[in-house]
Amino acid sequence: MRRFGGALLAEPVGSGKTWIALAVARAWGAGVVSVLAPAPLQAHWRRTARALGIAVAVRSHAAASRGTLPAGEGLAIVDEAHHYRHAATRRYDHVARWLVGRPVLLLSATPVVNRLADLAALLALGVRDDALAPFGVPSLARLLAAGEGHPSLGALVIARPRASAGAGLPAAVPGVAHADGTAGVRGLAAGLDALRLSSDASTAALLRRVLWQAAASSPAALAETLGRYERLLRQARDAAAAGRAVGRRALRAFAGELDDQLVLWELLPDAPGEGPDPGDLDAVRRLRAEVTARLHQDDARAATLRALLADGTPSVVFSTRTATVRWLAGRLGRGVAWCTGSAAGIGAGRASPRQVLEAFRASAVAPPGITLPVHLVTTDVAAEGLDLRRLARVVHYDLPWTHARLEQRGGRVAAVRGAPPVRIAADPACEARLGALALLERKRTLPGRVELGPGSGRLWLWREAVALRAGTGERTVGAAAVRGRVPGLLAGWAVVDAGRPGGPLASGLVWLDAAGRAHDAPDLLAARLDEVLLAATDQVPSAAEVQAALARLAPVLRAHLRDVTRGAWAVPRHAPGAARLLRRLDACARAAARARDAARLALVERAIRLTGGGHTAGEARLVAALAAASDAELTGRLPRLPEPSPGVALPALRLTGLVLVRAGAG
């Protein structure tokens, strides 16, 4: 964080990121720490910070969306930072501007949700786009947009290896036969498929998915969604009569609680030419009446869930729909609590969401004469950061849209008694149309491309682990030789600025195998280092051996230096308006030089370096605003601009150590 301005703590769910973040805050120094967290976690942050004697100002993500953010300029912590993976949202815009010039620690067990660009958006909140240029990465955004990772991400992302156990999709619970079966959904399939929805294929795809996701959840969810769709169609009919069309905002409102998970917005143009088809209105009314008539009935999925919970294992049941949560709570009998974020209850009684969730904390104690609830039925409001340690099993009544959400759900209880998560399978007709299982499996493997998924290797902590195993013995700069099972060369390198004194700008390792191939993957480097540490030291290599090794390494090191030099001199991704601002600043610099105003000239030159370099997301917005500002506003802002990156005048590569691994027993 001191080096780059920000960092991402991507430890697994349940690993105590709150405590780690507050330990960082204590080490950072005095001052009030600003914390952004989901609303249900605000009390947890205040309680933990108070116990540690750390002053915090906590605001919710919802408050950030409204632009209500803590005052001050000190350390900022963003919990569950994956909520800021969409750079086009108001929430992201407010927070990006607020973080300009502030150090930020981002916390998220699931920083990659739908694409690697999610990670780029998170890091851009506190890290400049060209921060890894000394490692040969000119642009973080371009790297991740191309779907690629890089070992240097370990300088920004702190994450330990994740266990591969349980990384797959949860097993389905065998269904229970029921009089109604799932024929109700199959009977509605023809009616849902007959809806025209929209003449625009993208709009129709979005609407169809929303309707089928509701049908997959419960009759109550489908009835509620059809009711909202009916209102949307009336709006479309009235808009058409007035010569207008329903736009993207109305479609977002219809998607409602699924908004955070749907990724189909990218299919829609900013102003869809064709909205919902009002001709569906009568058919939707008939479907809604048919579904509403069945709401008092049970179905096979609810019966399967009831049979599962009958074993008495305290369970949290997750649904994506608020209507399904309330519908299930009325069918599961006593001892069941429910929570949707905006409302909650225990049995037939109402309570606040905070009271309900507190009842499942490990330390929860029932008042005299009151029995604590056994099961919790909830939306994903309970999937983030909460202590639900009284519960011992996760049940997915509805599958979420992303595998990241599956991880967050499982982290609430899995560390206690180890009951594997299970799911209540949806009707096969719904699953076939939604393709949710195949989609989740594809997204499950995505974080592994940047060493952040289940079963992934070590991105950052492998360095610390190797250092601890190395102990505190004598260290010698130079070359050594050992015997090992895998022959090759292990070289350490550092990038320095030959035009400026100071420590290394970047450092790393490379393994050259016997065939001359270079490797820098963390897992392979860790294995080679472990073998070197365990090997018996042989004699010091001869000068001829060292020269031969250097000759083999030279092409690899030259190629790396070319990458570093290209990164140092590459034109960064300029913010909108940067070229215009640079022209204005150049004119300001000329005027200051003519006036022999050294102080003003220094301010302008600093602004030029900032504008011409890489930016955080907030700095990019600042540059765009300054480009459009008046001369007086621009002049007034110059003293308050953040410090630019120092840059690299003359990058050079130096060897920091060389180990020759000779074939033979270690």
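# Briefing: cores, sheets and packed helices

Of the 58 residues in the largest nonpolar core, Y84, V95 and L452 touch the most other members. A second, separate core has 47 residues, among them V173, L192, L197 and L308. The model is predicted. Its protein chain holds 25 helices and 19 strands.

**Whole chain**

- Buried residues account for 50% of the 666 residues in the protein chain.
- Among contacts in the protein chain with a separation of 6 or more, 77% are between residues 24 or more positions apart.
- The protein chain has an accessible surface of about 29,500 Å², and carbon and sulfur atoms contribute 56% of that surface.

**The sheet of 8 strands**

- This open sheet has mixed pairing and the strand order β7-β14-β13-β8-β12-β9-β10-β11.
- Its edge strands are β7 (171-172) and β11 (349-351), each of which pairs on one side only.
- Strand β9 (residues 336-339) and strand β12 (residues 375-378) run parallel and are joined by 4 bridges.
- Within this part of the sheet, W338 stands opposite V377 in β12.
- Helix α13 (residues 322-329) packs on the sheet, where it touches β9 and β12, and its direction makes about 165 degrees with that of β9.

**Helix α12**

- Helix α12 (residues 300-309) lies across β8 (315-318), β12, β13 (393-396) and β14 (422-423).
- The helix runs at about 175 degrees to β13.
- Because 8 of its 10 residues are buried, α12 is largely enclosed by the rest of the structure.
- The buried residues of α12 are A300, R301, A302, A303, T304, L305, L308 and L309.
- One of these, L308, is also a member of the core of 47 residues.

- β15 pairs with β19 in the parallel sense over 6 bridges, and G484 has A663 in β19 as its bridge partner.
- β16 and β19 run antiparallel and are joined by 10 bridges; here the bridge partner of G488 is V661 in β19.
- β17 and β18 also run antiparallel, with 2 bridges between them.
- L512 has A518 in β18 as its bridge partner.

**Helix α20**

- Helix α20 (residues 522-534) consists of 13 residues.
- From its first C-alpha to its last, α20 reaches 18 Å, close to the 18 Å expected at 1.5 Å a residue.
- The buried residues of α20 are P522, L525, A526, R528, L529, E531 and V532.
- Those buried residues are covered by elements including α19 (461-470), β15 (479-484), β16 (488-497), β17 (506-513), β18 (518-519) and β19 (651-663).

**Loop residues with positive phi**

- E80 is not a glycine, yet it has a positive phi of about 50 degrees.
- E80 is found in the loop between β4 (76-78) and α4 (90-98).
- The relative accessibility of E80 is 9%, so E80 counts as buried, the cut-off being under 20%.
- L197 is likewise not a glycine and has a positive phi of about 70 degrees.
- L197 lies in the loop between α7 (183-193) and α8.
- L197 counts as buried because its relative accessibility is 0%, and L197 is listed in the core of 47 residues.

Note on methods: Residues are numbered from 1 along each chain as its sequence is written. This is a predicted model: local features need pLDDT of at least 70, side-chain atom pairs count only at pLDDT 80 or more; totals for chains, interfaces and linings use all residues. Side-chain values use heavy atoms; hydrogens and water are left out. The expected span of a helix is 1.5 Å times one less than its number of residues. Buried means under 20% relative accessible area, exposed over 50%, partly exposed in between (1.4 Å probe, protein chains only). Contact means heavy atoms within 4.5 Å. Two strands pair if DSSP finds at least two bridges between them. Accessible areas come from the Shrake-Rupley method with a 1.4 Å probe; for residues, only the protein chains shown count as cover. Axes are lines fitted to C-alpha atoms, for helices over the stretch in contact, and angles run from 0 to 180 degrees between N-to-C directions. A nonpolar core is a set of buried Ala, Val, Leu, Ile, Met, Phe, Trp, Tyr and Cys residues joined through side-chain atoms within 4.5 Å.
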